[in-house]
Amino acid sequence: LAFASSSVHAQSIDKDYKFKMSNVLGPTHHISLGVDKFAEIVDKKSEGKIKIRTYHGGQLGSGKETFEAVQAGFMDMATDSYANLYTLTPAFEAFHLPYIFESRSQQIATFQSDKVIKRVDEQLNQVGLKWLMTAEFSPRQIATSNKAIKSPADLKGMKLRASRSPLEIDTQGAWGASGVTIDWPSVPEALRTGLVDGETVGYDSIYSAKHYVDSIQYFTELNFQSYGLAVVFNHKKWVALPDSVKAVLQESAREAEAWHVKFLSKYVNDAKAKMIASGNNVFVPSEKV
């Protein structure tokens with residue numbers, strides 16, 4: 001049935017479509033692989049009539065810059081942590097509340113909920129954006145360069161890299177640290193020069209970006225915040241697309257999301273094991289701490 005549906009969509013696409021997508025993450029990051037899978041599925045479903053060219057590694061700018069470019073209609077699609085959409089809309093901000101999800105399955109179900117998608121998309125539409133796809137990062141941990149963090153007191157006076165999410169910055173502040181907003185492509189230099197003492201992202205991102213090689217040495221495993229990446233489309237351009245093209249893009253997004261869910265678990269476990277093997281230290285607090 002899925003094959004037949006795709007064939008019908010492809011047959012009714014009246015011309016070739018080419019879309020440009022920006023991605024701040026490096027080409028080997030697991031989410032970048034998910035984005036590439038999305039483009040691959042789109043190409044197959046449309047029988048080559050829809051092509052998506054992805055620019056990885058922040059080639060076209062930071063998440064904030066490229067989200068704004070999509071909003072203005074200068075770019076078709078952009079991807080980044082939905083935390084960095086905050087400067088345009090707080091639509092995703094509720095999902096950054098610490099420990100809001102009781103399990104990964106609950107988190108995944110939330111982002112697959114038609115009601116949630118509709119509610120968030122309505123807010124995005126108001127600022128000229130369309131929510132097309134999401135993909136999860138692993139939960140946020142505390143990762144530091146020169147000091148192991150074993151209690152909140154250890155964080156007092158430290159500077160931690162933060163996204164543009166106020167809830168991430170406020171959480172760091174509640175621990176006694178200061179959150180410093182730095183766009184992802186600039187984080188390695190900030191860590192190297194000591195502009196920040198660490199960061200609060202997942203094992204997956206630190207491993208993929210190789211921050212653990214010459215900067216990050218210590219992890220405190222808190223799984224304190226769930227976050228993900230959003231692929232957004234210019235809303236005006238989306239509305240103007242034929243239904244057949246929209247159907248291919250949306251069906252491909254759902255399939256790419258499902259592929260990524262299966263891929264992520266092994267990736268994170270392997271990343272954590274490799275970083276420990278390379279000399280990184282992981283501290284898991286007890287309930288007493």
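Analyst: First, the ground rules. This is a predicted model, where local features need pLDDT of at least 70, side-chain atom pairs count only at pLDDT 80 or more, and totals for chains, interfaces and linings use all residues. Residues are numbered from 1 along each chain as its sequence is written, and side-chain values use heavy atoms, with hydrogens and water left out.

Now β3. Five of its five residues are buried, so the strand is largely enclosed by the rest of the structure. Buried means under 20% relative accessible area, exposed means over 50%, and partly exposed lies in between, with a 1.4 Å probe and protein chains only. Strands here are DSSP runs of E with at least two residues; helices are runs of H or I with at least four; both are numbered from the N terminus.

The sheet comes next. β3 belongs to an open sheet of five strands, ordered β2-β1-β3-β10-β4, with mixed pairing. The edges are β2 (50-55) and β4 (129-136); each has a single partner strand, so one side of each lacks a neighbour in the sheet. On average, neighbouring strands are turned by 20° against each other, direction ignored. Two strands count as paired if DSSP finds at least two bridges between them.

With β10 (residues 228-234), β3 (residues 77-81) pairs in the antiparallel sense over five bridges. Thr79 stands opposite Val231 of β10, and Asp80 stands opposite Ala230 of β10. With β1, the pairing is parallel, over three bridges. There, Met21 stands opposite Met77 of β3. In general, strands of a sheet pair through backbone hydrogen bonds, parallel or antiparallel.

Helices lie across this sheet too. Helix α3 (residues 63-72) lies across β1 (17-23), β3, β4 and β10, and runs at about 145° to β3. Helix α11 (residues 243-277) lies across β1, β2, β4 and β10, at about 20° to β4. Angles run from 0 to 180 degrees between N-to-C directions; axes are lines fitted to C-alpha atoms, for helices over the stretch in contact. Contact means heavy atoms within 4.5 Å.

Glu47 sits in the loop between α2 (30-45) and β2. Its phi is near 55°, a positive value in a residue other than glycine. Glu47 counts as exposed, at 52% relative accessibility. Asn223 sits in the loop between β9 and β10. Its phi is near 45°, again positive in a residue other than glycine. Asn223 is partly exposed, at 35%. Most residues other than glycine have a negative phi.

β9 (residues 218-220) pairs with β11 in the parallel sense over three bridges, and Phe219 stands opposite Val282 in β11.

Thr171 lies in α6. Thr171 is buried, at 12% relative accessible area. Leaving aside neighbours within four places in sequence, Thr171 is in contact with Pro98 and Phe224.
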